[in-house]
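Hi,

Here is the structure I promised to send over. Have a look at it first, and then read on for my notes.

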Amino acid sequence: MAFSLPPEDQIIFSTKDSSGKIYIREQSGFYQRIRRVLSWLLMALFIGIPFIRYNGEQAFRINAGQQTIELFSVILFPQDLLITALLFTLAAFVLFYVTRLYGRVWCGYTCPQTVWTLMFVWIERRIEGNNNQSRVLDKAPFSLNKLAKKLAKHLSWLAVSVATALVFMSYFIPQSELYSTFFALQASWQVYAWVSFFAICTYFNAGLIREKVCLHMCPYARFQSAMFNTDTKLVTYDAMRGETRGPRKRHGDKPANLGDCVDCKLCVQVCPVGIDIRDGIQYECINCGLCIDACDQTMSQFGYAKGLINYTAGQSNRANLSGHLIYAATIVVTVIAMWGWGLARTSTELTVYRERNALYRVNSDGAIENTFTLNVINKTKTARQYQLQVEGIAHSQLISNATLSLQPGEQRQFVVSVNAPEKPAALFTPVKFILLDKQNAERVAELSQFYSGNTAAR
Ligand code: SF4
Ligand code: SF4
C-alpha cells in the first residue's frame with residue numbers, strides 16, 4: 001500500500017504561497033507538547049504577575065512617573081541601577097549559554113513572538129480550518145462565508161491583542177485602577193494611546209507578519225550563530241541515512257536504491273519558518289523540533305527507526321570545554337555580585353552635598369559653620385523617621401531639625417548646618433552624617449568634609 005496522508009491533506013502544497021504567507025500544518029508530538037506547555041506557563045506568568053498582591057498592593061509594578069520599580073516591600077530607584085544591570089547581564093549570559101548548547105531554542109520555545117504566534121495560529125485554525133483549508137479560503141473569491149470567517153479571525157486576534165496590551169499596561173498602572181477606568185472610559189488619553197499602540201504591535205507581529213519578525217527584524221537572530229560551535233545541538237537531517245529520498249509502499253521491503261526519507265514533505269509543511277531542513281542547516285531554523293515530530297511520525301508509520309531528523313551535535317574538544325568553563329564562571333561571578341549587592345543594599349539612601357556658594361561662615365559666637373544638603377531616599381513602602389547625628393568634629397552642633405521624616409518611597413532634600421565651636425586643626429576635616437532609624441534598626445552613614453577656612457583659631 002502506498003503511503004498516503006489523511007484525506008484533507010491528500011494534496012501536498014508547498015509551504016509558502018506566492019504572497020510569502022506560510023501555511024503551517026498542525027503537528028503533535030513530543031517537542032510540540034513541550035512548546036505548548038512552555039507557552040501556557042509563560043502566558044500564565046505574564047498574566048499572573050500583576051495579580052500578585054503584597055500588603056494590599058500590587059507586588060510588582062514599574063512606576064514610570066517616579067522612575068522606580070516596586071517589588072514586594074522594596075522600591076528600586078535609579079540609584080539601584082546596578083542590580084538591573086547585573087540581572088540583564090545574568091539573563092544575557094544564561095541565554096548565550098543555552099544558545100551555545102542547544103542553538104536557537106529560545107526562539108523556538110520561549111520567545112514572546114513565538115508564544116503569541118502559536119496562540120494566533122491556534123485561533124486561525126479553529127476558525128479557518130487546517131493549513132490547506134486556510135489556503136483554499138485565501139484563494140477563494142469573495143463570499144459571505146469567507147467574509148464571516150475573516151471577520152471572526154481578525155476580531156478574535158484584535159480582542160487578544162487588546163487583552164495583551166492591557167495586561168502589559170498593568171505592569172505600569174495599578175491593575176485595579178487600570179481596568180476600572182479603562183472599561184468605564186475614564187482613563188486618560190495616554191492610557192488609551194499606549195494600549196492601542198501595544199495592541200496594534202501584537203496584532204501585526206503575531207497575526208500578520210509572524211515569522212518575518214524572526215527572519216528579518218530580530219537582531220538576536222542575526223548573531224546567535226556566532227555562539228554555535230561543534231557541540232551545539234542543532235536540528236539536523238541525517239542525509240547519509242535519508243538519501244536517496246523517494247516514495248515507496250508503506251508495508252513492504254524498502255527498495256534497495258532508497259534511503260529512509262519517504263519524501264512525504266511533512267517536515268517542510270510543519271516548519272514555522274518555511275524551510276526544508278533536508279537542504280542542510282539554515283540560519284532561519286529556530287530549532288523548534290516540529291520537523292522532528294513530523295518525521296518521527298512518518299518513520300513510525302513505515303516501521304523505520306525514529307530520529308532521521310534530530311537534535312545532533314558534532315565532536316566536543318578542549319576548546320569547547322574551556323567555553324563551558326568561561327560561561328559558567330561568568331554566570332557564577334554575576335550571581336555573586338548580585339548577592340553582594342543584596343547584602344550591601346540599605347533601605348535608605350543618603351547622599352551629602354556641600355553647599356557651593358558659601359564654603360563656610362563664622363557666626364556671632366565665632367563658631368565656624370558649614371552648610372550641607374542631604375538627599376535622603378526611603379526605598380521602602382512604609383513611612384520612616386530618622387534621627388540625624390554628626391560625628392568627626394569636636395563639640396559640633398546641628399543647626400536644624402534632627403528628626404527627618406519620609407513617606408513611603410519618598411525622596412527629599414534637607415538643608416542642615418553644622419557648627420564647630422572650636423576650629424578643627426585641619427583645613428578640611430572628615431565629617432560623618434548618620435541617619436538612625438531605631439524602629440527598623442537601620443543605620444546609614446555618609447562622609448563629607450568640613451571646611452574651616454582662613455579663620456584665626458579660637
Ligand atoms: S527546520 Fe525544523 S526545527 Fe527548524 S524551524 Fe523548521 S520545523 Fe523548526
Ligand atoms: S518528514 Fe522525514 S520522511 Fe518526510 S520528507 Fe521529511 S525527512 Fe523525509
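This is a predicted model: local features need pLDDT of at least 70, side-chain atom pairs count only at pLDDT 80 or more; totals for chains, interfaces and linings use all residues.

Let's start with the inside. The largest nonpolar core has 32 residues, and Val 235, Ile 277 and Ile 309 have the most contacts inside it. Several elements each supply at least two residues of this core: α3 (105-110), β6 (234-237), α12 (266-269), α13 (290-302) and β7 (309-312). Of these, α13 gives the most, with 7 residues. A second, separate core is made of 21 residues, including Phe 372, Leu 374, Leu 388 and Val 444.

Leaving aside neighbours within four places in sequence, Ile 309 is in contact with Val 235, Thr 236, Tyr 237, Cys 267, Ile 277, Cys 291, Ile 292 and Cys 295. Ile 309 also turns up around ligand 2, along with Tyr 237, Cys 261, Val 262, Asp 263, Cys 264, Lys 265, Cys 267, Arg 278, Cys 295 and Met 299. By class, that shell has 8 nonpolar and 3 charged residues, and no polar ones.

Thr 236 sits in strand β6. With a relative accessible area of 23%, Thr 236 is partly exposed. Not counting residues up to four places away in sequence, Thr 236 touches Ile 281, Leu 308, Ile 309, Asn 310 and Thr 312.

Next, a pair of helices. The axes of α4 (residues 112-128) and α8 (residues 189-209) come within 8 Å and cross at roughly 75 degrees, so the two helices are roughly perpendicular to each other. On the α4 side, the residues that meet α8 are Gln 113, Trp 116, Thr 117 and Phe 120; on the α8 side they are Thr 202, Tyr 203, Asn 205, Ala 206 and Gly 207. This contact has 4 nonpolar and 5 polar residues, with no charged ones.

Finally, the backbone spots:

- Glu 243 and Thr 244 are joined by a cis peptide bond, with omega about 0 degrees. Thr 244 is in the loop between α11 (239-242) and α12.
- Lys 265, one of the residues around ligand 2, has a positive phi of about 65 degrees although it is not a glycine. Lys 265 lies in the loop between α11 and α12 and counts as partly exposed at 35% relative accessibility.
- Gln 67 has a positive phi too, near 55 degrees. Gln 67 is in the loop between β3 (60-63) and β4 (68-71), and is exposed at 57% relative accessible area.

Cheers

Methods. Residues are numbered from 1 along each chain as its sequence is written. Chains are lettered from A and ligands numbered from 1 in the order in which they are written. Side-chain values use heavy atoms; hydrogens and water are left out. Axes are lines fitted to C-alpha atoms, for helices over the stretch in contact, and angles run from 0 to 180 degrees between N-to-C directions. Helices (H or I, at least four residues) and strands (E, at least two) are DSSP runs, numbered from the N terminus. Angles under 35 degrees count as roughly parallel, over 145 as roughly antiparallel, 65 to 115 as roughly perpendicular and the rest as oblique. Contact means heavy atoms within 4.5 Å. Ala, Val, Leu, Ile, Met, Phe, Trp, Tyr, Cys and Pro count as nonpolar, Asp, Glu, Lys and Arg as charged, and the others, Gly among them, as polar. A nonpolar core is a set of buried Ala, Val, Leu, Ile, Met, Phe, Trp, Tyr and Cys residues joined through side-chain atoms within 4.5 Å. Buried means under 20% relative accessible area, exposed over 50%, partly exposed in between (1.4 Å probe, protein chains only). A residue is near a molecule or strand if one of its heavy atoms lies within 4 Å of it.
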